[in-house]
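Colleague: Could you take me through this structure in questions and answers, with the cut-offs given as we go?

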Amino acid sequence: MSDIFFELSVRSVRLNFLRSLLASIGIVIGVVAISSMGMLGTNMQLSVKDQLSSNVNTVILTSDVVKVSTLPGVAAVNGIDASTLNDIKSSAGQNTVIPIHHGSTQFSVGSNNGRGSIYGLDPTDIQKFLTVDEGNSIKGGSDALVGPTIANNFNLDIGSTLKIGQPNVSVVRPVVRVAGILTSRGITSDNVNTDNAIVVSDQWYTDHFDDKDVYDQVNVILQNVDTINQTEAAIDKKVNRNNQIVRITDASSRLSSITSTLGTITTFIMAIGGISLVVAAVSIFNVMMMSVKERVQEIGILLSIGTEKGEVRRMFLYEALILGLIGAIVGGIMSFLIGYTVVQAMIGSTSYFFRPESLIFIPYGMIIGVVVCVLSGLYPAWMASNMDPIDALRSE
Amino acid sequence: MSDQSLIQLVDVSKIYHLESGDFIALNHVSIVIGENEFVAIMGPSGSGKSTMMNQLGILDVPTTGELLIDNRDVAKMSNLERTHLRRDSIGYIFQKFYLIPLLSAYENVEYPLILKYKKRDTTGRARAMLDAVGIDHDMSAHRPNQLSGGQQQRVAIARALVNDPKILLCDEPTGNLDRKTGLAIMDILCDLHQKGKTVIIVTHDPKIAEYAHRTISLEDGKVVES
């Protein structure tokens with residue numbers, strides 16, 4: 001059955017095609033803004049989450065106190081000492097404990113200078129969580145592994161040498177030899193970011209950076225990720241029994257805090273997109289008011305020959321609904337195209353784009369667009385249905 | 001005249017509250033219109049004709065007094081009941097035709113049926129009504145603005161009749177038509193009266209009023225002759 005009131009609304013929209021079209025474009029923009037922003041945010045969350053969750057079984061221990069050095073000229077030390085490390089090892093059970101030296105250094109390759117992180121690790125620990133892409137892992141001495149970013153930027157190959165430390169003519173700087181190049185790790189959640197780093201043996205590190213038996217970080221890699229809470233509790237009980245000595249964090253808490261931050265950002269940018277829908281709502285309201293004002297006499301005719309108020313209301317709500325549906329459908333299609341392009345441009349990968357939690361923003365945006373339209377039509381429809389038929393008929 | 005009363009106005013007054021003071025459009029008017037009557041309501045402009053028309057058409061309710069249609073008090077009805085009474089019992093014919101501009105002639109006639117039965121007409125009644133007033137197939141596909149005044153008024157009559165109302169309420173039905181077309185329209189109305197409709201014509205034209213069997217004259221909101 002075709003509804004005569006729907007038919008009337010369709011004809012009214014067609015009669016004022018340009019005006020209706022312009023009002024719908026407002027909705028299109030609003031829908032696109034909300035959907036593509038939502039998709040962008042979600043894709044960002046998904047991609048970060050996937051990168052981080054690979055190290056989700058790692059507990060990160062860092063020092064919570066600053067030890068002030070008594071030696072002049074030596075910087076204050078912030079680290080986990082040997083006895084604390086022993087406590088950690090004894091309380092970590094079967095899990096793998098990896099003490100890590102970490103600093104930042106300048107270096108030179110030939111005449112090019114650079115800056116990056118430097119990690120000192122026990123050579124036997126390296127293979128437990130790092131992957132060598134090219135060449136071999138280190139055994140000690142002046143062997144080093146470099147991250148792919150450094151390797152690329154400085155054209156490093158196996159056997160290349162780097163001078164570590166600040167370029168200074170009066171000091172002879174120690175030299176390391178590239179034994180291998182690491183696989184890219186991206187953003188990591190175990191707080192070991194090796195892409196722009198040099199990894200050397202702990203022996204070499206303490207020889208040159210004076211951090212003997214003081215570790216910047218200790219990672220505990222769990223055999224079973226489900227035991228993360230017990231392990232953390234055991235370490236906390238043992239190590240922090242008197243004072244808060246180490247701060248215990250893990251990838252899952254970092255992950256959830258990062259994703260919740262990204263979620264907040266997503267909501268925020270969607271709200272900015274929502275502003276355009278508010279503007280669209282005003283223009284729909286305006287078009288609906290114009291439609292009502294132009295059709296006062298027609299409304300008078302409808303009411304006087306026995307049309308119910310509800311039917312008149314329905315006619316105008318249909319009109320708003322049609323504008324909303326046009327806007328939402330066009331907006332939905334464009335959201336898909338624009339969203340895909342934006343995600344591709346900003347994240348560099350669309351592998352998460354087709355996930356339900358990403359695509360769901362298209363119907364969300366469309367529904368919000370239609371609802372906004374119908375809400376904007378409520379008052380004009382109400383006004384039309386409550387006209388006095390005599391006054392309405394008399395108007396020209 | 002039938003002795004069964006269809007419309008009864010009992011001491012009806014209509015007062016408009018204006019900034020310049022109260023305006024009494026109808027002043028204690030009492031009339032009775034029986035079934036199958038042909039009544040003309042006459043009077044100069046400002047005499048209360050339109051107000052009377054609005055009362056009879058249940059577009060408005062009296063300020064005081066009672067308006068009974070089929071012995072039902074209009075003032076005591078809900079808005080929806082009045083709407084349904086307008087839809088089912090009264091056919092309106094206006095001077096300016098007042099067809100719905102977005103609907104074709106056929107759809108205009110079909111419209112009251114849709115209001116009543118909540119579905120499109122499949123009985124052929126709308127088509128039959130158009131045939132009866134001389135609007136053919138081709139013409140009925142046109143929008144009102146593509147029809148002449150006479151054709152529009154015929155469509156309006158067909159629309160007024162399609163729900164088989166007891167009362168035909170005509171407000172200057174020939175006012176916007178040339179003499180010849182006007183006469184043709186009046187012939188249709190006479191014919192409808194013959195077929196049992198109660199026809200009420202509001203007019204200021206004595207020639208039109210001559211068709212009626214009874215004339216009610218209004219002056220300053222009062223009935224001066226009935």
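Colleague: Which residue of E8(B) stands opposite Leu168(B)?

Modeller: This is a predicted model, in which local features need pLDDT of at least 70, side-chain atom pairs count only at pLDDT 80 or more, and totals for chains, interfaces and linings use all residues. Residues are numbered from 1 along each chain as its sequence is written, while chains are lettered from A and ligands numbered from 1 in the order in which they are written. Strands E7 (residues 167-171) and E8 (residues 198-202) of chain B pair in the parallel sense over five bridges, where pairing requires that DSSP finds at least two bridges between the strands. Within this pair, the residue opposite Leu168(B) is Val199(B).

Colleague: Which strands of chain B stand at the edges of the sheet, each with a single partner strand?

Modeller: The open sheet has six strands with mixed pairing, in the order E6-E7-E8-E3-E9-E10 (chain B); strands (E, at least two residues) and helices (H or I, at least four) are DSSP runs numbered from the N terminus. One side of each edge strand is left without a neighbour in the sheet, because each has a single partner strand, and these strands of chain B are E6 (90-93) and E10 (222-225).

Colleague: Are H2(A) and H12(A) roughly parallel or roughly antiparallel to each other?

Modeller: Helix H2 (residues 17-52) and helix H12 (residues 361-385) of chain A pack at an angle of about 150°, with their axes 8 Å apart; axes are lines fitted to C-alpha atoms, for helices over the stretch in contact, and angles run from 0 to 180 degrees between N-to-C directions. Angles under 35 degrees count as roughly parallel, over 145 as roughly antiparallel, 65 to 115 as roughly perpendicular and the rest as oblique. H2(A) and H12(A) are therefore roughly antiparallel.

Colleague: Which helix gives the most to the side of chain A that touches chain B?

Modeller: The contact takes 18 residues from chain A and 19 residues from chain B, a contact meaning that C-beta atoms, placed from the backbone, lie within 7 Å. On the side of chain A, the elements giving two or more residues are helix H1 (4-15), helix H9 (296-304) and helix H13 (389-394). The one that gives the most, with five residues, is H1(A).

Definitions and conventions: Two residues are in contact if their C-beta atoms, placed from the backbone, lie within 7 Å.
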